Amino acid sequence: MTLPLLSLIPGLPLAAVALNLLLGDRLGKRGTAWLACGSVLAAFGLAVRAVLALAALPEHERRITEMAWTWMRVGDFTANVSFLLDPLSAVMVLVVTGVGSLIHVYATGYMSHDRSFRRFFLYLNLFMFAMLTLVLADNYLLMFVGWEGVGLCSYLLIGFWVERPAAAQAGKKAFIVNRIGDFGFMLGAFMLVVATGSLDYERVFAAAPHAFAAGGTAITMAALLLFAGATGKSAQIPLFTWLPDAMEGPTPVSALIHAATMVTAGVYMVARSHVLFELAPAAMQVVAVIGAATALMAATIGLAQNDIKRVLAYSTVSQLGYMFMACGVGAFGAGIFHVMTHAFFKALLFLGAGSVIHALGDEQDLRRMGGLAPKLPWTHATMGIATLAICGVPLLSGFFSKDEILHAAFASGHYGVWLAGIVGASMTAFYMTRLYVLAFRGPSRLSHESAHHLHESPPSMIAPLVALALLSVVGGYVGLPFQEGGHAFTRWLRPVLEAGGHHGAHHEVARGVEWTLLLLSVGVAGAGILFALRSYLWTPALATALRERFAAVHRLLEGKYWVDELYDAVFVRPFVRVSEWLWRVWDARVVDGVVNGVGTTLEGGSAFLRVFQTGFVGTYALWITLGVLALFLHFMRRT
Amino acid sequence: MIPLFLGFAALLVATSLLVILHKNPVTSALFLVLAFCSLAGIYLLLHAEFLGMVQIVVYAGAIMVLFLFVIMYLNLQHDVETGVQIAVRRGIGWLAGAAVLLTGATLFGVPAGGGSGWALGPANAVDPAAGAGNVRAIGRELYSRYLFPFELTSVLLLVAMVGVIVIARGGARRGGARRGGPPPAAGPADPPEDR
Amino acid sequence: MAELWSNPAVQTLTWALVKVLIILHAMLGAVSYLIYAERKICGHIQARTGPNRVGPFGLLQPVADVVKLLFKEEFIPAKANKVVFHIAPILAVFPAIVTFSVIPMGPPPTFVVTDINVGLLLFLAMSSLGVYALTLGGWASNNKYALLGGLRSSAQMISYELAMGLSTIPVLLQAGTMSLVGLVERQAGWYPVGDTGLWLPNWGIFHWFLVLPFVIFLITAFAETNRAPFDLPEAEGELVAGFHTEYSSMKWALFFLGEYMNMLVISAIAITLFLGGWHGPGLFLGTDGWWSPGPPWMGLVWFLAKLAAFMFFFIWVRWTFPRLRYDQLMAFGWKVLLPASIVNVLIAGVWIYLRGPRP
Amino acid sequence: MIPLSWLLALSAVVFTIGVVGVLVRRNALVIFMSVELMLNAANLTFVAFANHMKSLDGQIFVFFVMTVAAAEVAIGLAIIVHLFRLRETVFVDEIHLLKG
């Protein structure tokens with residue numbers, strides 16, 4: 001490749017950021033929009049071209065690396081700013097840039113009435129830059145740069161509406177919780193450096209089997225620490241609490257960062273380091289279990305939420321759980337597959353929700369919606385498709401990926417995980433349908449002003465919806481099941497996921513069993529949907545009845561298991577108290593004391609030295625001479 | 001060669017003493033010129049022809065002329081150096097000087113073979129051409145190994161020139177430039193600018 | 001005695017002394033007759049005959065002048081700084097004589113006193129010392145005109161030294177040596193102009209990138225010797241007689257001597273640098289059937305001829321051009337000559353680098 | 001061949017004279033000259049060692065020292081001239097603006 005294709009992909013958004021900063025408001029709304037979307041679209045184009053170039057290569061040398069410059073060289077440790085494009089990162093890059101550009105377009109419409117339009121796109125482009133760096137990095141250090149970058153951007157964007165205290169709080173929460181995870185990531189990276197002396201994927205993966213005893217403590221520790229980073233970024237138990245609050249940010253942000261791209265970074269990272277995880281079966285178990293638990297727990301919480309975006313948020317958490325489930329059972333390909341499809345339909349759902357909110361004038365409560373279908377035909381249609389897709393209705397993208405995950409879980413003998421997945425799937429179907437029904441069907445429960453504010457969104461918002469809807473429908477067909485040697489997607493990822501000699505989990509089960517599983521998952525999905533329709537559309541009394549019957553459970557779910565309160569009590573409060581003590585005693589007394597002490601000492605000293613400052617050059621010269629004399633004498637003593 | 005050196009050395013010491021002893025700045029300046037010339041002579045004896053010449057061109061020919069120019073420009077007469085305080089300072093000065101010289105002498109007086117840090121290294125015979133100090137060799141060095149410092153000095157000179165012009169001009173604009181100075185005819189030649 | 005004489009060191013020393021004496025007296029004589037020539041030429045330029053009473057065509061006029069100056073009463077201003085007042089005239093002559101010790105007046109070894117590897121630098125050093133005579137003389141005589149003359153001369157000479165020094169650099173680049181003898185030898189023979197059949201003498205002036213330096217050197221030469229049109233230090237119209245207003249009799253004569261000696265020196269240097277020194281178009285058919293330069297003394301002849309031509313040029317210019325204004329002088333020195341010479345150094349450097357040293 | 005120690009002694013003497021001059025005189029110009037003396041003493045040492053070690057570096061250093069000295073003198077004299085214009089004196093003990 002003649003021109004530095006890979007470095008240009010993250011480079012373009014960054015350039016857009018720079019331009020945005022330099023030109024400032026001189027750009028105007030239109031200019032900003034063009035700049036932001038243009039840069040991301042261009043990046044998408046470049047990505048497509050790069051991936052084509054990649055696909056042109058024969059299967060087993062499908063990796064394009066591009067060295068930008070040597071970042072640091074410390075002793076025998078060197079870190080380069082260099083980019084790697086292999087099938088895995090190719091998928092991510094396409095998803096990020098593709099969905100990203102769609103969402104950018106959408107945002108131009110959604111944010112059109114916002115005061116700080118420019119700042120929004122500044123952050124958004126910055127995020128694109130960080131995310132692409134993360135995905136394209138060819139070593140953990142650069143990946144960590146992107147990792148932190150996306151964390152920062154998510155903080156900035158969640159707290160975008162700074163005048164809202166809730167938003168600011170949510171931003172801080174997200175950032176801090178992420179930091180905890182990042183700390184794990186860092187420690188993991190340190191372990192890798194210590195063990196393999198490098199952070200380049202290639203070197204690490206090459207060296208890992210020799211550097212670590214398979215299944216040993218060290219590798220398990222490392223893998224778990226990395227996974228801790230993943231749980232932070234991808235909102236898994238125990239660090240999932242920030243994601244629902246993150247819904248305080250603008251909806252495009254929720255769609256881009258907290259559904260499609262950033263939160264999947266964890267999955268990507270785990271899949272990227274599959275070599276390490278495969279060396280540590282225990283860690284894999286942990287991943288699987290945590291994934292399953294998160295999937296189930298989030299799903300249950302999702303059942304009882306009334307804020308449309310929160311429902312989606314918890315569904316995101318649960319879907320991420322599925323992805324980790326896949327990774328945990330060794331089906332990294334399936335995980336990435338689900339990342340992709342999920343990016344499509346979840347982004348679509350969020351954007352749809354955004355369109356609804358937009359249409360109703362910032363109304364987010366499901367209980368004050370309903371009957372929107374005729375008013376918002378496009379939104380309704382696309383949302384419907386997305387809902388079906390996520391529910392796992394056959395022949396839609398969600399179906400294929402989710403089914404593959406469940407199948408992998410079952411095949412690899414993690415029956416508990418599989419069961420959790422099945423149940424979670426049915427719940428997913430239930431609450432998604434509930435959301436759909438409450439929003440679009442049934443009688444209209446709109447408040448007065450939102451009722452007359454009601455209008456279908458502008459084309460700039462509809463177009464991305466349609467595009468994503470198409471993707472959510474066909475996106476899954478790269479992974480049709482029942483193919484010898486795995487489907488297209490698996491084959492595409494094979495060079496990466498089977499690197500390091502170790503072959504990804506290929507537990508074949510009998511066709512019959514496979515069919516049964518398939519029908520079963522379809523069945524539970526159908527059941528969930530039907531039950532939701534019944535209890536919210538056909539006989540709404542049933543929902544209330546249920547709510548009264550299981551009041552305790554309902555309260556538990558509505559209160560999100562009071563995890564936040566728990567953390568608040570266990571971590572936050574004591575921490576605050578300790579910090580207050582430090583502030584009052586350590587900082588105010590000791591540190592300030594030292595500083596002031598230094599100050600007073602200097603004052604005294606200079607008061608003494610002022611005596612020598614006569615202002616006469618001659619005197620100074622004399623002092624200098626005496627100093628020279630003293631030096632002479634010193635040397636004489638030495639000799 | 002030795003007698004020549006001794007002569008130059010004597011001249012150098014005598015003239016430099018007169019520089020600091022003589023009350024008339026112009027005379028001091030002239031003696032300084034002589035001192036520089038004798039130093040140039042010593043350089044010649046040490047096979048540093050280039051330096052000897054440059055010594056005369058730069059120090060005698062430029063720097064000292066500038067000194068003279070300034071002295072005349074400010075038209076200074078004999079320094080009046082009377083009064084207790086001044087006498088005291090002079091005494092201290094001489095004492096300090098003597099002390100410096102003494103300590104220095106003791107330092108260098110340490111026997112060379114004594115293994116002390118001050119023993120003078122032996123004359124190591126690298127290629128004699130380098131020692132010959134001819135212009136070509138120096139040029140080679142300057143433009144190869146010392147290229148960067150060389151360029152730096154050019155920058156330094158530029159900066160100095162700018163600074164000088166600024167200082168001189170600033171003073172002239174603040175009026176009173178004529179006070180104590182010679183009649184206007186010497187005005188246009190702002191001495192530092194001509195350096 | 002004989003073995004002492006056989007000692008080569010002694011021989012060279014004696015020869016050097018002899019040459020020095022010869023040169024010294026030759027110069028004194030030359031200077032006195034230069035003054036005569038100047039008066040004659042000036043006379044003819046002004047359509048007069050000039051000195052014509054003492055001796056045939058007034059040829060004995062210089063003798064008469066010298067006698068007059070020797071016996072004239074010496075006048076020293078009361079408030080003058082005696083010592084400096086006495087030293088200044090000596091300083092006026094000293095550098096010129098010193099410089100002459102390295103000028104090759106003919107093929108070595110006969111017609112060269114000494115040849116040091118930094119001859120040109122010596123010349124520059126000495127010319128930079130030349131400032132002192134005028135400055136000090138002007139200052140010491142404690143007279144405002146004299147002081148102004150001295151100040152002017154110091155500023156002027158310092159300013160023009162730079163241009164002069166820079167204008168010699170292309171020649172050095174061309175020759176690759178600083179020894180004057182080497183410089184002259186470098187200019188021996190002829191060189192073909194491209195592939196035109198034309199052959200030019202290998203003198204500096206015949207190389208295109210040395211023409212501008214030659215012109216600059218010429219101009220600065222006038223400035224360095226305080227000759228018209230750069231004779232501001234002694235501008236009689238403005239400063240009575242400038243730095244030597246208060247001088248009389250032999251001291252004044254020494255200043256004059258210094259001025260003419262400086263003229264001689266500087267033209268000799270110009271000849272050495274640009275006009276091929278002692279080389280002349282060979283007039284004698286050599287054994288190889290090519291024009292040979294002929295016996296060594298022809299070199300001396302050529303040299304003296306060129307010197308004479310130069311002197312005439314000096315005098316001619318003096319009586320032809322008006323004097324500059326002081327600010328014009330400074331502006332010209334700093335804003336025209338200096339940049340021009342620097343640019344020329346660059347051009348010459350690049351050219352020589354590209355062409356490589358000519359065989 | 002001049003013995004190195006003589007040269008060093010000479011430069012030491014000259015340097016000391018410079019020091020004394022700085023300490024004793026009150027005329028800024030003369031002090032300046034004394035500083036020049038010291039610089040030249042240092043130069044002499046450089047050249048002496050260059051000759052002793054048969055290497056050019058010392059001479060190169062002297063070259064640089066001269067350049068710096070030129071710049072320094074230009075600036076210093078400009079300052080002195082300016083000072084004289086302002087304060088009508090070049091005697092350092094009549095100028096103590098720097099008194100703290």
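Let me start with one residue: Val553(A) is partly exposed, because 14 other C-beta atoms lie within 10 Å of its own, where a residue is called buried if 20 or more other C-beta atoms lie within 10 Å, exposed if 12 or fewer, and partly exposed in between, with the C-beta atoms placed from the backbone. What you see is a predicted model, in which local features need pLDDT of at least 70 and side-chain atom pairs count only at pLDDT 80 or more, while totals for chains, interfaces and linings use all residues. Residues are numbered from 1 along each chain as its sequence is written, and chains are lettered from A and ligands numbered from 1 in the order in which they are written.

Val553(A) belongs to helix 24 of chain A, residues 551-558; helices here are DSSP runs of H or I with at least four residues, strands are runs of E with at least two, and both are numbered from the N terminus. In sequence Val553(A) is 249 residues from Ala304(A), yet their C-alpha atoms are 9.6 Å apart in space. Tyr561(A) is partly exposed, because it has 13 other C-beta atoms within 10 Å.

Let me step back to chain A as a whole. Its secondary structure comes to 26 helices and two strands, and of its 639 residues 52% are buried. Taking two residues as in contact if their C-beta atoms, placed from the backbone, lie within 7 Å, we find that 80% of the chain A contacts with a separation of 6 or more are between residues 24 or more positions apart.

How does helix 1 of chain A run? Helix 1, residues 5-23, has 19 residues and reaches 26 Å from its first C-alpha to its last, close to the 27 Å expected at 1.5 Å a residue, the expected span being 1.5 Å times one less than the number of residues. Just after the helix, Gly24(A) takes a positive phi of about 60°.

Those two strands of chain A run antiparallel and are joined by nine bridges, and for strands to pair DSSP has to find at least two bridges between them. Met67(A) stands opposite Ser82(A) of strand 2, and in the hairpin, which has two residues between the strands, Gly75(A) takes a positive phi near 60°.

Finally, chain D has three helices and zero strands, and 60% of its 100 residues are buried. In chain D, 44% of the contacts with a separation of 6 or more are between residues 24 or more positions apart. As for its partner, 59 residues of chain D are in contact with 78 residues of chain B. Helix 3 of chain D gives the most to that side, with 22 residues, and by class the side holds 41 nonpolar, twelve polar and six charged residues; Ala, Val, Leu, Ile, Met, Phe, Trp, Tyr, Cys and Pro count as nonpolar, Asp, Glu, Lys and Arg as charged, and the others, Gly among them, as polar.
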